[in-house]
Every structure is written in structure tokens, then in C-alpha cells.
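Below is a short briefing on a structure, grouped by topic. Please look over the sequence and the structure before reading on.

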Amino acid sequence: MKVETKLYKGVLLTQVEGEFDMHVAATFKEAVDEYIGRDAKDLVVDLEGVPFIDSSGIGALLGRYRRIEHLGGKMLLVGACAAVEKILRLSGVLQVMELCGDEQQALARL
Amino acid sequence: MKNQLKLSMRSLSDNVSVARLVAATVAAEANLTLHEVDEIKVAVSEAVSNAVIHGYEGREDGIVEFAIDIYEDRIVYVVSDCGKGIADVEAAREPAYSSDPERMGLGFAFMESFMDELAVTSAPGEGTIVRMTKRLPKQSG
């Protein structure tokens, strides 16, 4: 399990690897919250290395979305597998966040 | 009953993935589809996370019991804790309900939609028992 962050022109690029449950959600929140509203306005979350997500992962994504939206930024998701995409859809996440094919596509949408 | 497993875990977030793994292994052995195994993993993850987050409110010295009863026609997953319990179970099962704004109240909604039956028994100060049943396809031949 790991969460990697990288700043690129005011965008925080985040890569999550592992099952996105309450354990990973805590690491994700800590890693991302350090930058939002300070060094980064927009957030791109790469979920390619995530084979599983539950409501804790969904809550962590939506919590960051609320903060970013409040600050006038944009949040996009990248590369979710079919199982993860299904949960994102069911929970309404994809109604507020766009799912892009790759990082380049996401950066072009910002 | 064909088989029975019991797992007793400390209320640590690390243990949620262990419960999922055991649940998924049992489901795969019972010839459920990959899709159904994924759904079971989500439901079990929600039940165990609820016990850790809400039952024990983040306390790490609680015990979460996870039992799996395997019958010919169904698997029953039971997650129980001796935590603070739920005062109004009906309200807690409403999709929008959450005592934690970051969890969106989706936990019970996922358990309900991904399992065939869901029963929740709880009372304040007496812990919570979540019983989830997944029916198995009829064996051919």
C-alpha cells in the first residue's frame, strides 16, 4: 500500500496503490491535505493501482473534492478498473468527478 | 452446515483487509463469480470498518469477531463487536445517514445491495451484530 504525491504547475498528482479502504484512506487524506489550498489548487488521483475501493475510500475522495471545490479548484480521477469504476458510479462520485483515461488526458481537462 | 470459520481480530484498520481476504477466499471456493466475490469483499469491508470506526470509535483494543458459516445453499458472514452500539438501527440503515461526514452513509447501503440478506442487531452499550447472507447457485448434477 502506498500513496505518492507530485506537484506539477499547481496540480497535485496523486497515485494510490493498494486496496482503498479505511487504512489507505487515512494515508491518502494525510498525504493530500498537506498540499490542498497551499501549494495545489487542483487534484488528479490516479487509481490504476487500486483493485478495490469501499465507502471509506469513496468518503476520502469526496471529502477532498468538497475542499477543492470550495477553494475553486478541480478534481479528476484517472484509470479506475471495472470493479472500482462500478463503486464510483454507484456512490455518485462520477456525477461530480470526471474519470479520465490517463494523467495526460486529466491535465488537459484542467 | 458444511463448514465454519471464526476470526477474532483487534479493532485495527489493518485487519479490515484480512477479513476481506478470508471472505473472498471462502466465496471463491464456493464457486461464486468474480463479480460476486468483489461485492462480498465490499460488504465485509463495510461491516468490519463500521465495527472499528463506529463500534470502537477508533479504539484499538476492541475485539471484532468475524464468523463465516457455509451451508449448501448459502454463506452467512457475521461481524460482531462489543462497542458502543447503535441507538436507532433503522435510521442508521438509511442511505444518507452517517455520523462521519467523510463516509457518506454508504456502508449499510453497500451491504444491503451486495448481499441477499442483511440483519443488524444492536443496542447502545451492547455492541452490534451484522449478519449478511449470500445465496449460492444450485450445484449442477
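Across the interface of chain B and chain A, seven residue pairs are in polar contact, both residues being at pLDDT 80 or more. A polar contact is a pair of N or O atoms within 3.5 Å; within protein, one must be able to donate a hydrogen and the other to accept it, and residues adjacent in sequence count only if both atoms are side-chain atoms. This is a predicted model, in which local features need pLDDT of at least 70 and side-chain atom pairs count only at pLDDT 80 or more, while totals for chains, interfaces and linings use all residues. Residues are numbered from 1 along each chain as its sequence is written, chains are lettered from A in the order in which they are written, and side-chain values use heavy atoms, without hydrogens and water.

**Side of chain B that touches chain A**
- Helix 1 (14–29), helix 2 (34–55) and helix 4 (107–114) of chain B each give two or more residues to this side; helices are DSSP runs of H or I with at least four residues, numbered from the N terminus.
- Helix 2 of chain B supplies the largest share, ten residues.

**Extent of the contact**
- Chain B brings 23 residues and chain A brings 22 residues to the contact, which is defined by heavy atoms within 4.5 Å.

**Salt bridges**
- The rule finds four salt bridges between chain B and chain A, each a side-chain nitrogen of Lys or Arg within 4 Å of a carboxyl oxygen of Asp or Glu.
- E19(A) pairs with K41(B) in a salt bridge, with the closest N and O atoms 2.9 Å apart.
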